[in-house]
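Me: I have a structure open and want to learn how to read its features. Can you take me through a few of them?

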Amino acid sequence: MHLLIVDDEPIIRLGLVKMAEVYAPSFEGIRTAENGLDALQKIQALEPDIVLTDIRMPKMDGLALCQAIHSDYAHIQTAVISGYNDFEYAQKAMTYGVKHYLLKPLMKTDLHRVLSQLVQESTTGYFSVSRYIEWIDAMEQCIWSLQMDELTRLTDLWRQYCISANLTLGKLKELLEDCTAMLVKRFHARGVLKDYVHTDLQDSSTKSALDSFENRLRQMAVTLLANRKGNFKDPMEEAKAYIDSKLSEDISLDQVAAMIGLTPTYFSALFKRMTNETFVRYRINRRMEKAKELLSVPHIRIVDVAELVGYEDYPHFTKTFKKIFGISPSEFRNQMGIK
């Protein structure tokens, strides 16, 4: 299980961590946050099982944090750490699902007692709605772009998360059927997979149900490729070709993503994974490579080369060129014997 401790006082945070570290059974991970906003960011990155939070904190107090957790992460068990003067705040927290309170100054035995209660109450069989939507979006983009290696990576993560959610077999099948239906609906909206048909999951184990679901995803990709009659271009190659053809223009990541039919967020992550470069870095490198080609043509002025590769600011162009190649454009020309 994972524990998140939220308090704006460094000494108190450290003390709580020390007490939590000797709790048995031990936590898989213990993280800290210095206010509610910091805590929400860490909850989004790795949903903890239990949150211990102070009431009075800057930027976002413990009460607002409890409200946000209750609204978006109802499965997370929450306990409030408060002083006697915060009793009214603690009472208000009851409306946000908080059942346990720890009064300052805090003793190790008190903390361990509450942790034991929270561990016992930790909800099983929960699947985060926000995480579910993220998976659907990613699977849709993956299948649409026919990135099979990426689909394998994604389904492996999906499998791990489904298993860790401790869903019953019935609930898991229901989840997988809903996921399939949503994906098919989205592809219908794109005008494809109109004839795609799948049978209901009849599996008798979690593993086989997940295997059948993964086969569905791959069948969708195969059907999509067949619908395109093999006339499919790798979206990353299309993206790179488009960027290369627009080096003199200030095109955005959103424009390129729209051109190949992917969402900006997914395209950005996929582009980095497939090319080992960010969109911005790739475009800069291609502009500079193109600049070298143009600088090899004697009659083209250096200032014109800068404009042809998208740099209206000539000093910025020369600075970027030298940063990448170690010499200025004029020095490059001198090496080429061009005056």
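Reply: Start with exposure. Buried means under 20% relative accessible area, exposed means over 50%, and partly exposed lies in between. Keep in mind that this is a predicted model.

Me: Is Tyr 314 buried, partly exposed or exposed?

Reply: Tyr 314 has a relative accessible area of 33%, so it is partly exposed. Phe 317 is buried, at 0%. Both residues lie in helix α15 (residues 314–325), 3 residues apart, about one turn of the helix.

Me: How many aromatic pairs are there?

Reply: The count is 10 aromatic pairs. Planes under 30 degrees apart count as stacked, over 60 as edge-to-face, and the rest as tilted. Take Tyr 314 and Phe 317: their ring centres are 6.4 Å apart and their planes are at 40°, so this pair is tilted.

Me: What is the geometry of the rings of Phe 317 and Phe 321?

Reply: Their centres lie 6.1 Å apart with the planes at 50°, so this pair is tilted. Phe 317 and Phe 321 are 4 residues apart in α15, about one helical turn. Both are buried.

Me: Which residues do ring pairs link into a cluster?

Reply: The cluster consists of Tyr 311, Tyr 314, Phe 317, Phe 321, Phe 325 and Phe 332. Tyr 311 also has a charge over its ring: the charged end of Arg 287 sits 5.4 Å from the ring centre. Elsewhere, Arg 190 lies over the face of Trp 144, 4.3 Å from the ring centre.

Me: Now cysteines. How many disulfides are there?

Reply: A disulfide is a covalent bond between the sulfur atoms of two cysteines. The cut-off used here is 2.5 Å between the sulfurs. The count is 0 disulfides. Cys 162 is in no disulfide, and its nearest cysteine sulfur, that of Cys 179, is 8.3 Å away. Cys 162 is buried, at 4% relative accessibility. Cys 66 is buried too, with a relative accessible area of 2%.

Me: What about pockets? Which residues are closest to the centre of the second largest pocket?

Reply: First, its volume: about 370 Å³. Of the 16 lining residues, Glu 134, Ala 138, Arg 153, Leu 154 and Tyr 266 are the closest to the centre. Helices α6 (129–144), α7 (148–164) and α12 (264–275) each supply at least two lining residues. The largest share, 6 residues, comes from α6. By type, the lining divides into 7 nonpolar, 3 polar and 6 charged residues.

Me: One last residue. Where is Ile 55 found?

Reply: Ile 55 is in the loop between β3 (50–54) and α3 (62–72). Its relative accessible area is 2%, so Ile 55 is buried. Ile 55 and Asp 7 are 48 residues apart along the chain, with their C-alpha atoms separated by 8.3 Å.

Conventions: Residues numbered from 1 in each chain as written. Predicted model: local features only at pLDDT ≥ 70, side-chain atom pairs only at ≥ 80, totals over all residues. Heavy atoms only, no water. Buried < 20%, exposed > 50% of the residue type's maximum accessible area, 1.4 Å probe, protein only. 1 Å grid on protein atoms, 1.4 Å probe; cavity = no way out; pocket = protein on both sides within 12 Å on 5 of 7 lines; lining within 4 Å. Points joined across faces, edges and corners; volume = space filled by probe spheres on them. Nonpolar A, V, L, I, M, F, W, Y, C, P; charged D, E, K, R; others polar. Phe/Tyr/Trp six-rings, centres within 6.5 Å; stacked < 30°, edge-to-face > 60°. Lys NZ or Arg CZ within 6 Å of the ring centre and 35° of its normal.
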